[in-house]
Amino acid sequence: MSTQLTINGKSHQVDLPDEVPLLWVLRDEIGLTGTKFGCGVAACGACTVHIDGEAVRSCQVPLSDVWGDVTTIEGLGTPDAMAVIQEAWVEHQVAQCGYCQSGQIMQAAALLAETPNPTDAEIDDAMQGNLCRCGTYPRIRAAIHTAAGKMKES
Amino acid sequence: MASLGKIARRTFLIGSAAIVGGVAFGAYYVTRPAPNPLKPAEGEAALNPFVLIDQQGVTLFAPRAEMGQGVRTTWAALIAEELDVDPDAVRILHGPAATAYYNTALVGDALPGKGYDKSDFMHGVAETLGVFGKVMGMQVTGGSTSMIDGFERMRAAGASARETLKEAAAQRLGVDRQSLRTANGKVMAPDGAEIAYGDLAVAAAALDPIETELRPATEWRLLGKSQPRVDMVGKTTGTAEFGIDVRLDGMKFASVRMSPRHGGMIRFDASQATGMPGVEKVIDLGTGVAVVANNTWIAMQALDAIDVEWDEAPYPPETDQIFAEIASAFDSGPNSTMRDDGDATKTPEGATELRAEYRVPYLAHATMEPMNATALYSGTRLDIWSGNQAPVFTARHCADAVGLEVEAVDVHTTYLGGGFGRRGEVDFAVLAARVAREMPDTPVQVTWSREEDMQHDFYRPAAIGRFRGAVQDGKAVLLDGDIAAQSCSQQVMGRWLGAPAVGPDKITVDGAFNAPYAIPNFRIRGYLAELAVPVGFWRSVGPSVNGFLLDSFVDEMAHAAGRDPLDFRLQMARAEWEPAAACLETVRDMSGWTGKTPDGVGRGVGFTYSFGTPVAQVIEVVDEDGTIRINKAWIACDLGIVLDRSIVEAQMIGGMNYGLSAACYGEITFSDGEVEQLNFPDYDAIRMHTAPVTEVAILENKAYISGAGEPGTPPSMPALGNALFDLTGTRARDLPLNKHFDLLI
Ligand code: FES
Ligand code: FES
């Protein structure tokens with residue numbers, strides 16, 4: 001039952017049953033705890049990661065179905081070298097408790113990759129699966145717009 | 001020890017102590033029966049400082065739970081303001097569980113009294129009770145109290161540390177202390193010589209701490225300005241450590257399944273579970289089961305494979321039976337009459353009378369991070385890692401659960417993935433301790449599934465409000481309210497202290513009896529329902545109930561009086577308390593309130609006073625082809641003194657969205673004794689596309705500082721209900737509103 005995964009550019013050999021969701025492989029096996037567990041039923045988006053650049057709910061992807069390279073929040077940027085979108089998040093002081101924010105940022109990063117200059121309606125569409133119980137939505141929206149502007153400049 | 005009385009109304013003293021290579025400063029209470037915690041007696045280790053200076057630099061302690069309200073940032077800024085250090089250049093730690101970190105303001109706020117009219121006498125009583133609270137070890141984060149509690153004490157701790165370091169420098173340089181200045185963690189002499197605090201720490205430890213006046217607000221560098229949150233980069237890069245992220249060598253992953261009826265377990269059969277790959281142990285917890293595995297998901301799957309027979313619930317099994325029980329509380333005498341102005345027994349001659357009954361449901365906290373804790377038990381010691389709002393209670397209850405003395409327990413408090421009151425409970429830590437006891441020397445993380453979390457909450461109590469009002473000549477002349485609910489404070493105190501609180505229960509009527517409205521005949525009575533449904537503190541507590549009950553009824557009164565609802569409230573507020581009126585005026589002007597809206601648009605106003613903070617909100621809803629969307633919101637609040645505008649704004653918007661989530665979709669119901677809602681699809685919340693565009697005004701008119709974490713929640717619910725009435729003409733007298741309206745989801 002050994003499965004080979006590429007996560008944040010690094011290769012990992014995982015010995016867990018095929019049906020274990022990617023979320024729990026990342027958190028409990030690899031030790032990448034930036035990706036969060038919120039609901040386990042695709043209803044909150046806290047577990048969002050990228051597979052081949054596409055935003056997916058890692059709680060819904062069994063280990064054996066991981067079809068490409070995985071990027072988690074840790075792979076997007078680090079405290080010393082944040083991605084542009086993370087800088088925008090800090091600039092707008094978005095996080096409150098912060099628990100949903102890894103998922104929000106991964107979802108927003110995928111949106112910006114596809115739609116570099118999203119309208120408010122496009123943000124609504126892309127982000128409505130990501131719950132924030134602290135209610136940080138206005139700042140998330142502002143940070144997405146700022147990130148879009150910064151990405152265009154660079 | 002410096003002399004007392006330099007700062008008026010001061011109830012604390014500054015203590016200092018030598019530590020290895022440096023000095024520690026703390027603030028502790030004069031009336032504390034225990035000695036200076038910084039100078040423990042022989043054999044005691046009770047060093048609980050707020051400031052620690054050594055060769056490594058300056059460390060500040062913010063022993064309050066960081067759950068997104070920015071408390072670490074602002075608490076550190078209070079100390080740094082006086083200490084003259086740059087918040088970027090210091091370490092900020094939560095510190096250990098310690099009674100020296102207890103919260104006076106929380107207990108003070110549990111007293112009867114409207115709050116906004118608190119006299120010096122009441123403050124005195126609050127302090128006395130504060131001592132009581134400390135004796136019981138209430139290091140609790142809640143009640144929007146952190147800034148009230150820390151505002152003077154932390155600045156005084158910082159100021160005393162600064163002056164004592166200056167004195168050490170003065171002695172070394174042979175100059176007068178007054179000639180020295182401080183900045184960026186250094187003492188500076190007139191001749192340009194500089195000495196870093198770290199180099200003075202050992203010498204400072206030999207001096208008595210010096211007490212000094214606090215700087216006036218006009219000299220503040222940090223306070224009053226928005227500081228970058230100290231936790232922001234960590235929370236943006238996935239590197240901030242929440243309870244669920246704790247990783248220890250050799251750690252196992254576990255989950256629990258407890259009775260969905262909050263009662264006992266008759267029997268269970270785990271034969272299907274024990275053989276599952278990855279499962280290491282099944283533990284009988286008496287009222288439920290735990291599975292320990294090599295992966296959390298595997299533990300949860302194994303729990304699902306266990307066949308369990310649960311005993312009955314200790315409360316009526318169906319929601320309507322529970323509400324009947326709550327209603328029957330009206331038949332017994334009132335537990336409290338906290339407001340009784342004029343004579344509310346009669347309706348004034350010639351006035352128009354109206355009556356209405358309102359209901360609100362039980363609510364779950366649904367913190368984004370499900371309940372969890374990590375424990376390591378060695379037979380003689382227990383370590384607990386968790387995001388929690390009450391570390392001292394956590395330590396005590398975990399010690400009891402595994403049969404150790406409390407001194408043998410260390411609680412490590414991480415970031416909280418949402419608290420909202422839920423993490424002031426100790427149940428999740430106690431379960432982890434009990435599981436760990438069965439796995440000696442092995443760290444175990446116990447994570448609940450979302451379903452387990454939602455079914456095993458301490459819910460916001462359901463309530464029924466019965467109101468009788470009268471209006472005459474466009475004015476309110478009578479408001480008589482009876483409110484029945486379970487007492488969450490009695491239950492919480494019972495769980496924390498083993499002895500339920502008794503006497504008049506303020507929380508059941510909080511937000512109603514102390515509404516800052518002048519009405520000649522105004523009475524509010526509370527009735528307590530005796531029920532065993534688990535209830536607890538939910539963001540804004542009593543006012544989360546009474547804001548909707550009272551302010552919706554006030555709206556009905558305004559319409560019955562033929563008055564503009566905002567103006568009607570404004571008139572009553574002006575005659576009672578000017579800061580309340582100013583919030584209403586501000587929100588009126590911000591929103592361009594005219595009392596009229598175009599077709600397809602509705603507006604409502606809501607006003608509440610909670611935790612010392614008056615908040616007015618206007619909410620606008622729009623009808624879009626039959627579906628109603630919350631379009632805009634305006635908030636005006638008065639904090640007295642604003643320490644960090646960005647944080648307050650975030651708390652006001654977040655608090656409002658938390659209230660709107662409950663108002664639109666939130667309801668916990670029971671069937672066969674079990675909570676029917678299991679996960680977010682059954683208990684949804686405001687999301688990106690349903691959150692209103694919001695503007696916030698933060699006023700500083702009132703005389704005292706108050707908190708921001710909760711007061712944004714209560715007015716949102718009536719404001720939305722009132723807006724929906726304005727749009728549709730339908731008055732919803734119960735929540736959630738999606739039962740009455742086609743709201744956007
Ligand atoms: S944990 Fe995957 S969507 Fe909620
Ligand atoms: S910041 Fe707390 S859930 Fe989003």
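# Reading aromatic pairs and the fold of chain A

Author: In this predicted model, B:Trp220 is buried, with a relative accessible area of 11%.

Reader: What is the cut-off for calling a residue buried?

Author: Buried means a relative accessible area under 20%. B:Phe151 is also buried, at 11%.

Reader: How is a pair of aromatic rings described?

Author: By the distance between the ring centres and the angle between the ring planes. Over all chains, this structure holds 18 aromatic pairs. One of them joins B:Phe151 and B:Trp220: the centres are 6.2 Å apart and the planes meet at 90°, so the pair is edge-to-face.

Reader: Which parts of chain B does this pair tie together?

Author: B:Phe151 sits in helix α4 (residues 146-173) of chain B, while B:Trp220 is in the loop between α5 (197-205) and α6 (232-236), so the pair ties together parts 69 residues apart in sequence. A further edge-to-face pair is formed by B:Tyr358 and B:Phe548, at 5.8 Å centre to centre with 80° between the planes.

Reader: Where do B:Tyr358 and B:Phe548 lie in chain B?

Author: B:Tyr358 belongs to strand β15 (residues 352-360) and B:Phe548 to helix α15 (residues 541-560). The pair links distant parts of the chain, 190 residues apart.

Reader: Is B:Tyr358 buried or exposed? And B:Phe548?

Author: B:Tyr358 has 0% relative accessibility and counts as buried. B:Phe548 is buried as well, at 0%.

Reader: Which residues do ring pairs link into a cluster?

Author: B:Tyr315, B:Tyr362, B:Tyr459 and B:Phe670 form a cluster through ring pairs.

Reader: Turning to chain A, how many helices and strands does it have?

Author: Chain A has 6 helices and 5 strands. Along the sequence they follow the pattern β-β-α-β-β-β-α-α-α-α-α.

Reader: What does the radius of gyration say about chain A?

Author: The idea is to compare it with the value for a compact globule of equal length. For 154 residues that value is near 15 Å, and chain A has 15 Å, which agrees. Its C-alpha atoms fill a box of roughly 45 × 30 × 25 Å along the principal axes. As for burial, 60% of the 154 residues of chain A count as buried.

Reader: What share of contacts in chain A joins residues at least 24 apart?

Author: Among contacts between residues at least 6 apart in sequence, the share is 53%.

Note on methods: Residues numbered from 1 in each chain as written. Chains lettered and ligands numbered in written order. Predicted model: local features only at pLDDT ≥ 70, side-chain atom pairs only at ≥ 80, totals over all residues. Heavy atoms only, no water. Helix = DSSP H or I, 4+ residues; strand = E, 2+ residues; numbered from the N terminus. Rg over C-alpha atoms; globule rule 2.2 N^0.38 Å. Buried < 20%, exposed > 50% of the residue type's maximum accessible area, 1.4 Å probe, protein only. Contact = heavy atoms within 4.5 Å. Phe/Tyr/Trp six-rings, centres within 6.5 Å; stacked < 30°, edge-to-face > 60°.
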